[in-house]
Amino acid sequence: MKQNKTARGVKITWLGHSAFMIESPKGIVILLDPWLDNPRAPSNAKNFEKVDLILLTHGHGDHFGNTVELAKRFNAKVICNYEISLFLQKEGVTNVDGINKSGTTTASGIAITMVDATHSSTIEHNGELAYGGEPSGYVIRFENGFTLYDMGDTGVFGDMKLIAHMYKPDAVLVPIGGLFTMGPREAAKACEMVKPKMIIPMHYGTFPVLAGTPAELKKYLPASMRNRVVALQPGESAG
Ligand code: NI
Ligand code: MN
C-alpha cells in the first residue's frame, strides 16, 4: 500500500478508469463515478461493506456505470447534476441530491461543491439518448479540512485557477488519457494552475486509445511538482 502523509487520514482507492472509493477520517464511504465493470477494475471492486455517497460527474456510461444498482443496494445518496437526478428518480433511485455548478451540498458532514468541467454529458440508456445536463467536477472538503478536487472528464480551462483560488485543493484527480479528456500535456498545465500537493492520474489505460501515462504527465510538469504525482494501480490506495 502506498501511503501519502498529505492525504491526512483520507484514504483514496483507485478502482480503475475514473472510479474511486474515498474513505473519510470519520469512516464515510464515497464512490466517485462508479463504473466498476471497467476493464481494469480490481476483482473485489464491488465488495463494499457500505456506501454513503455516490458522486457523478456526468452522464457518460464510463462514469454513470453501476450507479443505479449500487445506490439501491446501499441506499447511498447520489449527488449529481439536476438533469441526471431526474433521470435517476425515473429509474427508481430515491436518495438523490441534484445540484448545479458553484452549488454546495453537505452530506454526512462533508461539503461537496460542483465545479465546471469542459466536456459533454449525454446519458445512453436502452439504445436511446437522454439529456444529461452539463458535465462537472467536484471539490470535496472533508471533516478535517482536507480538500480533494475531482476534475471529472474535462479539457484544460483557465477557470481552474479560480477553482484553485477559491477552494485550495490539497489533492487532485486528473484525467490524463487524452482523446476524450486532457492528455498529459494539458493535465500538466491544469496541475500547474491548481498547484495541489498530491496529483492522482485517472482516465488512462482503460483502453489502448486512452494512451497518456503518468510518466508523460511528469515529463510535462515543472520539475518541482514531479514528486507530487501518485500513480496508483487499480485497487491501490493513497493516504
Ligand atoms: Ni465522458
Ligand atoms: Mn469518460
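This is a predicted model: local features need pLDDT of at least 70, side-chain atom pairs count only at pLDDT 80 or more; totals for chains, interfaces and linings use all residues.
At the metal site, a manganese ion (ligand 2) and a nickel ion (ligand 1) are 3.2 Å apart.

**The sheet**
- Seven strands form an open sheet with mixed pairing, in the order S6-S5-S4-S3-S2-S1-S15.
- Its edges are strand S6 (96-99) and strand S15 (237-238), each of which pairs on one side only.
- Strand S4 (residues 53-55) runs parallel to strand S5 (residues 77-81), and three bridges join the pair.
- If you want a spot to look at, Leu-55 has Ile-79 in S5 as its bridge partner.

**Helices across the sheet**
- Helix H2 (residues 67-74) lies across strand S3 (29-32), S4 and S5, at about 165° to S4.
- Helix H3 (residues 82-90) lies across S5 and S6, and its angle to S5 is about 135°.

**The metal site**
- Four residues coordinate the manganese ion (ligand 2): Asp-62 (OD), His-63 (NE2), Asp-153 (OD) and His-203 (NE2), at 2.1 to 2.3 Å.
- Along the sequence, these donor residues follow the spacing D-H-x89-D-x49-H.
- Asp-153 coordinates both the manganese ion (ligand 2) and the nickel ion (ligand 1).
- Is His-203 buried or exposed? His-203 counts as buried because its relative accessible area is 1%, and the cut-off for buried is under 20%.

Terms used: Residues are numbered from 1 along each chain as its sequence is written. Chains are lettered from A and ligands numbered from 1 in the order in which they are written. Side-chain values use heavy atoms; hydrogens and water are left out. Two strands pair if DSSP finds at least two bridges between them. Helices (H or I, at least four residues) and strands (E, at least two) are DSSP runs, numbered from the N terminus. Contact means heavy atoms within 4.5 Å. Axes are lines fitted to C-alpha atoms, for helices over the stretch in contact, and angles run from 0 to 180 degrees between N-to-C directions. Donors are N, O and S atoms within 2.8 Å of the metal (3.2 Å for Na, K and Ca); water is not among the atoms, so sites may look incomplete. Buried means under 20% relative accessible area, exposed over 50%, partly exposed in between (1.4 Å probe, protein chains only).
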